[in-house]
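Thanks for making time this morning.

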Amino acid sequence: MGLDPRKYFIIVPNMLGNGLSSSPSNFPPPYNQARFPKVTVEDNVRAQHKLVTENFEISKLKLVIGWSMGAGQTFQWAVSYPDMVERILPFCGSARTSPHNIVFLEGVKAALTADSSFEEGWYKELPMKGLRAAARVYAGWGFSQAFYWHEVWRELGYTSLEDFLVGYWESFFLDQRDPNNLLLMLWSWQNNNIGLTCGFGGNVEKALASIKAKAIVMSAERDLYFPSEDEKYEVGFIPSAELRIIPGVWGHFAGSGLNPTDTEFIDHAVKDLLAT
């Protein structure tokens with residue numbers, strides 16, 4: 001295992017808004033629920049930097065790594081703290097959220113907020129219809145077309161497509177996930193753009209070019225959120241970066257740990273990068 005806790009001090013911070021860190025669902029009034037402030041990816045990384053430097057008194061990071069929104073934070077770490085971060089391995093994510101990705105997330109947002117019990121974010125009980133609808137929207141994007149065509153969901157123990165939609169996707173959203181938390185993280189995702197870091201004037205290419213860390217950027221071959229061609233474009237601006245494509249049909253969830261083959265592929269990249 002590349003990330004060996006016997007060898008490395010590994011820090012896994014929770015995102016603001018994820019229900020474990022400060023979030024709409026657990027923050028005291030008056031800034032709870034719908035009134036919780038918007039949070040950017042850069043806000044998250046700034047808070048993580050305080051944790052690392054002030055609490056743990058760490059001045060150098062051997063590696064920053066993350067999947068999906070964690071990948072966006074990984075890029076942000078390398079841009080915000082270029083002299084601190086030695087290596088980065090973002091996988092199945094991007095330095096800037098694409099317009100197509102934003103449109104997908106608008107569908108999730110609409111599903112969550114269309115439930116009449118949502119009450120503009122001031123609900124007393126979880127809006128279950130909205131959460132179930134959001135699960136159905138997500139189901140068409142998390143895995144690839146080929147994943148469904150070849151019924152790969154059977155490898156996870158499901159007996160039919162409907163069984164998978166209910167047993168995997170609906171249960172994924174119905175594990176006490178709070179819609180306000182989801183909407184906050186959705187907003188963070190939609191507004192992810194390292195070009196907005198101070199000093200770059202919104203220029204994501206300039207921000208990518210400022211990265212000093214050695215990088216392996218990984219994209220899933222059939223990721224519908226973060227297509228490989230998008231990551232190929234971004235990698236082209238990072239001075240010391242390599243793009244590796246995770247082969248197969250698992251799409252974005254190639255990075256989720258569900259498929260041992262994909263997990264092993266990512267782990268090899270971690271080992272390679274740490275060996276440099």
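How are H4 and H6 oriented to each other, roughly parallel or roughly perpendicular? This is a predicted model, in which local features need pLDDT of at least 70 and side-chain atom pairs count only at pLDDT 80 or more, while totals for chains, interfaces and linings use all residues. Residues are numbered from 1 along each chain as its sequence is written, and side-chain values use heavy atoms, with hydrogens and water left out.

The axes of H4 and H6, which are lines fitted to C-alpha atoms over the stretch in contact, with angles running from 0 to 180 degrees between N-to-C directions, come within 9 Å and cross at roughly 115°. H4 and H6 are therefore roughly perpendicular (65 to 115 degrees). In their contact, meaning heavy atoms within 4.5 Å, the residues of H4 include Ala 135, Tyr 138 and Ala 139, and those of H6 include Leu 165 and Trp 169. By class, this contact has nine nonpolar, one polar and four charged residues, where Ala, Val, Leu, Ile, Met, Phe, Trp, Tyr, Cys and Pro count as nonpolar, Asp, Glu, Lys and Arg as charged, and the others, Gly among them, as polar.

Trp 169 also brings us to the core. A nonpolar core is a set of buried (under 20% relative accessible area, 1.4 Å probe, protein chains only) Ala, Val, Leu, Ile, Met, Phe, Trp, Tyr and Cys residues joined through side-chain atoms within 4.5 Å. The largest has 50 residues, and Leu 89 and Trp 169 have the most contacts inside it. A second, separate core of 25 residues includes Phe 75 and Ile 211.

Technical notes: Helices (H or I, at least four residues) and strands (E, at least two) are DSSP runs, numbered from the N terminus. Angles under 35 degrees count as roughly parallel, over 145 as roughly antiparallel, 65 to 115 as roughly perpendicular and the rest as oblique.
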